[in-house]
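Q: Could we go through this structure together, one contact at a time?

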Amino acid sequence: MNNNTYLKESFDRLNLPGSSPLSSIRKAAFKSFDVMGIPTVRHEEWKYTRISSLFNKEYQVSFQNPTSLNAAEFAPLRLPGHEDASELVFVNGMYVPGLSNLKASAFGITSLEEAAANQYSEIVSEHFNHSSKYLTDGVQALNTAFIDGGVFMHVQPRKFVKYPVYIYNITDARVASVLSQPRSLIHIGQGAQVQLVETYITLGTSESMTNEVMEIVVEQDAILEYYKIQNDQSSASQVSTTHIRQVGKSVVHTVTVSLNGGIVRNNLHAVLGARFAEAHLYGLYFQQGQSHIDNHTIVDNVMPDCQSNELYKGILDNNSTGVFNGKIFVRKDAQKTNAFQSNKNVLLSENANVNTKPQLEIFADDVKCSHGCTIGSLDEEGLFYLQSRGVPKTQAMALLLQGFALDILEKIKPAPIRAYVEDLIAQRLTADVL
Amino acid sequence: MLRIQNLQAGIEGREILKGINLDIKPGEVHAIMGPNGSGKSTLASVLAGRQDYTVSGGSVEFLGKDLLELSPEDRAGEGLFLGFQYPVEIPGLSTTNFIKTAVNEVRKYRGLEPLDAVAFLKMMKEKMSLMEMEQTMLSRSLNEGFSGGEKKRNEIFQMAMLQPKLAILDETDSGLDIDAIRIVANGVNKLRNKDNAVLAITHYQRLLDYLVPDFVHVLYNGRIVKSGTKELAIELEEKGYDFIRNEMHQEEEVS
């Protein structure tokens, strides 16, 4: 078993009341965590991502350390487009109302505990912790045990949230190593439409770990766009679970952009739980140095007539490593499923590597599923073509890589965020001595 | 302008060019013809600086410079252009964006300021109409999904934009129907002047009906075995490459 004593002590110190609606779930979760522990590379789903050592140290567990981050310190961290966007700020896993700014009236936020006790209790009891069914390791359970500071967000039915909602996960590691565990349940009401943009920022240089679980419920006729922007420092590692459950005919569009960080593991799930639900999963990772990116996706076709389309593209430089694991389930009843998956990788260095694995589990007989993956170096012929037109080699490489990334970048619909990401990539391509 | 002396080159240890000699002066159009495997494309590749090829002997002088010492991009800067036999498809990079970068890089090399947007657009419009190209084609990813004819027109469009001193056209006619050949050859003809030159590499004579050469050279087994005027191309077309082969074999037997 791992060195989890301090976590156990922290949990015991919470002394959870028996009467709180979420207490029993939390206690059970801690028990599961205690049994399952932090996965090692012997765990099938963690074969190429080594996180046990990240947990083998004593972090400050977030809720014991309310933030000292003030508005002036937060200001430079804000994403472009924040003038119009609603902003939700989490520091060390705790929601901080003082730094947040909810501009859209259709969007509401409350603590999970409160939501479980008020008019949203049915939604909470039906959907909270649904992600645990899809994860067989202790990491998700650990988050569930420590949901203090977790939130319930709600988009009112038939409301169109005009500007995106930015979600900042800030880890304040200026004084000590921190384990932050943001937790949220988001309910997108029937016919509502919203764009969520989530990002991760670590302050200070102490090693930190973010273990996030976000669960999103998408109702009938709703449209959700979800963007994850990961560009943190190399001392910041994370396991980020985004579990999207479509309970009505709805459209989900996600783009995950991973540019920097220590060890980064993303679990992205789309559960297509109603007929004619549609999910689009896009990803772009551009890694350098020693960084590691692991995208584990699950598309679960539960009901018939659903559609999914998945495209992840990766560029790996230096000693960076990548994993793509794309699971597609087609359940027995999910006839007429249409599921596509593709993962394409460019390795820029001999020391970079990537492991890619499509995993299709199909129990229905009338379905269309396809998958494919490629790993290669930059196209030499293309490079020579551009050079022969007078474009210097480094610039030719940059043009080729930008072209490679373009079909993912085009999927980022909020213009300021797309420009921001394009800029980060352009900066990297010019700064890099490729 | 271009002086090739006893050029020997090969790939992966196999010698393909076995001593090429060729002189091209400003204003001239030269055609190199030859059967498959004679070394035509190797010559084009070596001149443009493709890395897979190694030069084992001889020299190439271009406008007074040692061409073989220059990187491919610097060769372009000096005024060399290679029209590819198989233009490469570049996903995600529009022709407009690409050619703008290329034009300005070449200008930079020549010590000129980059073109402003207005001047660039004006130039582009002019060259597009020269090549009978649509604007939509230029906003698409470079060569991606283009037909054979579109790709070759795009090559000559790039040539028009870059205004090279010497254009090497590597089998620009291959895979084209007669209309496309006419458009491509007309484009090249309109770009000709007394200061630039063209080296057209081709398997067939039909391109040369439109792009009339001053000199025709026959490449066979890594050497230029016969040079003449445009009548030589016609003779080749009539008799086929066998007549060169036969001549060569007779010579070998005599020696």
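Q: Which residues in α8(A) meet α9(A)?
A: Gly382(A), Leu383(A), Leu386(A) and Gln387(A) of α8(A) meet Lys393(A), Ala396(A), Met397(A), Leu399(A) and Leu400(A) of α9(A), contact being C-beta atoms, placed from the backbone, within 7 Å. Helices (H or I, at least four residues) and strands (E, at least two) are DSSP runs, numbered from the N terminus. This is a predicted model, in which local features need pLDDT of at least 70 and side-chain atom pairs pLDDT 80 or more, while totals for chains, interfaces and linings use all residues. Residues are numbered from 1 along each chain as its sequence is written, with chains lettered from A and ligands numbered from 1 in the order written.

Q: And how do the axes of α8(A) and α9(A) cross?
A: They come within 9 Å and cross at roughly 125 degrees, the axes being lines fitted to C-alpha atoms over the stretch in contact, with angles from 0 to 180 degrees between N-to-C directions. α8(A) and α9(A) are therefore oblique to each other (under 35 degrees is roughly parallel, over 145 roughly antiparallel, 65 to 115 roughly perpendicular, the rest oblique).

Q: Changing topic, how many residues of α1(B) are buried?
A: Eight of the nine residues in α1(B), residues 40-48, are buried (20 or more other C-beta atoms, placed from the backbone, within 10 Å of a residue's own; exposed is 12 or fewer, partly exposed in between). Among them are Leu43(B), Val46(B) and Leu47(B).

Q: What follows α1(B)?
A: Gly49(B) follows, with a positive phi near 95 degrees.

Q: Which strand pairs with β2(A) in the parallel sense?
A: β6(A) does, over six bridges; strands pair if DSSP finds at least two bridges between them. Val89(A) has Tyr168(A) as its bridge partner in β6(A).

Key
Contact = placed C-beta atoms within 7 Å.
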